[in-house]
Amino acid sequence: MRLFARVPPRGQQSPALILLESLPITLARMQTRGSENRTLTLRPTPETHPFWEAAKRRELQIQQCHDCGAHYFYPRPMCPYCLSRNVAWVTCSGRGRLHTFVINHRPPRHFPSDTPYIIGIVELEEGPRLMTNIVGVEPDPKALRCDMPVEVVFEDIDENFALPKFRPVP
Amino acid sequence: MRDGRTRLRGSVAIVGAGESDWVGRLPNKSALALHMEAAHNALADAGLRKEDVDAVFTAGRNMANEVPEYLGIRPRYVDSTQMGGCSFMAHVEHAMAGIVAGLFEVALITHGESGYSRVGMPATRWGDDSNNAQFELIYGHAGPTTGYGLVATRHMHVYGTTKEQMAEVAVATRKWAALNPRAFLRDPITIDDVLSSRLISWPFNLLDCCLVTDGGGAIVVTSAERAKDLPKKPVYVLGTGEAVSHQMVSQMPNFDRWDAAIVSGARAFSMAGIKHEDIDVCELYDAFTIVPILALEALGFCKPGEGGPFVSGQRTAPGGDFPMNTNGGGLSYTHTGMYGMFAIVEAVRQLRGECGPRQVPDAKVALCHGTGGTWSSAATLILSTEIP
């Protein structure tokens with residue numbers, strides 16, 4: 001089912017229209033562990049929905065400022081470095097380095113993963129950092145090293161959402 | 001270095017400090033009742049009545065209305081700045097500004113939190129459409145236990161900081177708690193105990209992590225002039241600083257240093273016009289063992305990367321040459337969720353010489369420093385019974 005109408009070119013959308021388009025979309029419910037009846041619901045805002053739409057297409061998109069040149073993440077309508085409105089979405093290479101990480105043994109109640117699992121901060125080739133899970137490697141401090149090269153993989157949460165995660169580059 | 005803020009040095013004093021009647025596990029008391037007990041005890045300590053209070057400071061959404069109503073105070077100045085556990089240290093700076101500007105004369109700063117029992121606590125869950133939910137919580141980020149650890153891992157990588165050095169903080173802090181009858185955990189522990197306690201979020205084991213308790217604290221701040229007429233020895237505010245660098249930990253500018261603390265510490269020292277060697281006792285918010293290590297570096301007690309060696313050999317324990325977290329800290333005394341208030345109360349008591357077996361001899365100058373959020377904010381206070 002197509003969830004979005006075709007988005008008009010940047011600058012022609014009224015904020016109200018963006019809101020209307022983004023509201024009905026998006027419920028990614030994650031099954032809870034055990035008998036707990038809690039869910040984590042992902043609900044994009046008008047500013048973040050292009051990121052999630054791209055992820056669904058298996059593209060990691062961030063924004064770039066056309067005035068100061070900086071790439072930035074997470075999504076915002078203006079450049080956080082120079083407050084320019086002259087910003088655009090760009091597709092990342094998907095490569096980066098594991099800046100730092102923890103191996104979590106105590107997940108929050110909503111989180112369905114088996115423990116332990118790796119939470120990493122990845123520094124993208126384009127510069128910005130983001131939080132992610134590191135997959136495809138043992139959750140063991142001996143198997144991980146800060147600054148090791150990683151690449152993006154997408155994991156489907158449900159029919160509407162794919163989540164960018166990263167794995168070590170062989 | 002000239003700093004226009006130096007005229008504020010010693011302009012106000014903490015004249016009352018108190019806590020809830022007990023701290024720890026208090027399932028029969030709501031968060032607001034803990035505010036009330038702490039405020040009651042702090043006002044009694046100050047020799048003031050609630051009618052003397054014309055400004056109320058507390059941390060949290062709606063609290064600027066809720067706390068005064070509960071206490072039966074009708075303030076003409078309120079501030080509910082919520083920047084995490086160091087909020088109350090920032091409130092002291094804000095109170096100083098307001099008192100010096102003549103907006104009010106007596107500020108009551110209160111904290112109450114049912115952090116363990118969760119009685120009468122406001123909902124704290126991030127909205128499903130928050131950036132936190134979309135870009136952090138979706139990955140199983142558990143909050144402080146995982147967020148603070150990201151910095152520990154990077155610091156270990158860049159500087160060679162070890163888990164043993166982190167454990168030194170937990171062991172030394174427990175020794176202080178053993179001297180404090182109100183402390184939640186008082187049995188001695190060893191470095192091996194810390195390293196063999198169960199893993200919470202590597203690199204943190206259980207004993208690297210602060211407690212989760214119930215309790216409240218409050219202080220009363222007024223002008224240095226008014227303080228002279230009050231019963232307790234005034235604790236003058238010599239220096240203050242506060243800073244915010246990010247909210248989500250993934251947006252932290254640098255993972256091997258604490259940028260907000262570098263700013264807040266430098267501002268506090270420049271206002272106070274004193275040197276590091278003048279500090280007799282430090283109360284550094286210890287949400288996790290790594291936090292005081294980075295604080296020591298950020299505040300300039302040692303160079304970047306030297307925080308681990310600095311705390312080694314039980315230097316910060318009773319009898320060591322760097323008394324730190326003398327009430328037993330968030331690791332062993334109490335940690336309601338926003339520990340910063342307890343650090344201030346302990347500093348006041350140390351400077352007044354009220355600490356009994358854990359008293360640091362001849363403590364004249366104390367430094368309090370706190371974190372908020374996930375290394376997001378910082379605030380620093382330099383306090384003394386004398387104005388140099």
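The model is predicted: local features need pLDDT of at least 70, side-chain atom pairs count only at pLDDT 80 or more, and totals for chains, interfaces and linings use all residues. Residues are numbered from 1 along each chain as its sequence is written, while chains are lettered from A and ligands numbered from 1 in the order in which they are written.

Chain A contains 2 helices and 10 strands, where helices (H or I, at least four residues) and strands (E, at least two) are DSSP runs numbered from the N terminus. Along the sequence these elements follow the pattern α-β-β-α-β-β-β-β-β-β-β-β. Of the 170 residues of chain A, 30% count as buried; a residue is buried if 20 or more other C-beta atoms lie within 10 Å of its own, exposed if 12 or fewer, and partly exposed in between, with C-beta atoms placed from the backbone. Among contacts in chain A between residues at least 6 apart in sequence, 50% join residues at least 24 apart. Two residues are in contact if their C-beta atoms, placed from the backbone, lie within 7 Å.

In helix H2 of chain A (residues 49–56), the buried residues are A:His49, A:Phe51, A:Trp52 and A:Ala55. Viewed down the axis of H2(A), these buried residues fall within an arc of 155°, so they line one face of the helix; the arc is that of the directions from the helix axis to the C-beta atoms. Just after H2(A), A:Arg58 has a positive phi of about 65°.

An open sheet in chain A is formed by 3 strands in the order S4-S3-S5, with antiparallel pairing. Two strands pair if DSSP finds at least two bridges between them. Strand S4 (71–72) and strand S5 (87–91) of chain A are the edge strands, each pairing on one side only. Strand S3 (residues 61–65) of chain A is joined to S5(A) by 5 bridges, and the two run antiparallel. A:Gln61 has A:Thr91 in S5(A) as its bridge partner.

In chain B, 9 strands form an open sheet of mixed pairing, in the order S3-S2-S4-S7-S1-S8-S11-S10-S9. The edge strands of this sheet are S3 and strand S9 (281–284) of chain B, each of which pairs on one side only. From one strand to the next the twist averages 25°; axes are lines fitted to C-alpha atoms, for helices over the stretch in contact, and angles run from 0 to 180 degrees between N-to-C directions. Helix H13(B) packs on the sheet, touching S1, strand S4 (106–114), S7, strand S8 (235–244), S9, strand S10 (365–372) and strand S11 (377–384) of chain B, and its direction makes about 175° with that of S10(B).

Within the sheet, strand S1 (residues 12–19) and strand S7 (residues 214–223) of chain B pair in the antiparallel sense over 7 bridges, with B:Ile14 opposite B:Val221 in S7(B). Strand S2 (residues 55–58) and strand S3 (residues 77–79) of chain B instead pair in the parallel sense over 3 bridges, and B:Val56 has B:Val78 as its bridge partner in S3(B). In a regular strand the side chains alternate between the two faces of the sheet. In S2(B), B:Ala55 and B:Phe57 point one way and B:Val56 and B:Thr58 the other way, and all are buried.

Helix H13 of chain B (residues 340–352) is mostly covered, with 12 of its 13 residues buried. These include B:Phe342, B:Glu346 and B:Arg349. At 1.5 Å a residue, the 13 residues of H13(B) should span 18 Å, and its end C-alpha atoms are 19 Å apart, which agrees; the expected span is 1.5 Å times one less than the number of residues. The axes of H13(B) and helix H3 of chain B (residues 87–100) come within 6 Å and cross at roughly 60°. B:Ser87, B:Phe88 and B:Met89 in H3(B) meet B:Gly340, B:Met341 and B:Ile344 in H13(B). By class, this contact has 4 nonpolar, 2 polar and no charged residues, where Ala, Val, Leu, Ile, Met, Phe, Trp, Tyr, Cys and Pro count as nonpolar, Asp, Glu, Lys and Arg as charged, and the others, Gly among them, as polar.

Between the chains, 31 residues of chain A are in contact with 26 residues of chain B. S6(A) gives the most to the side of chain A that touches chain B, with 6 residues. That side has 18 nonpolar, 10 polar and 3 charged residues. S6(A) is also joined by 2 bridges to strand S5 (residues 199–202) of chain B, the two running antiparallel, and A:Ile103 stands opposite B:Trp202 in S5(B).
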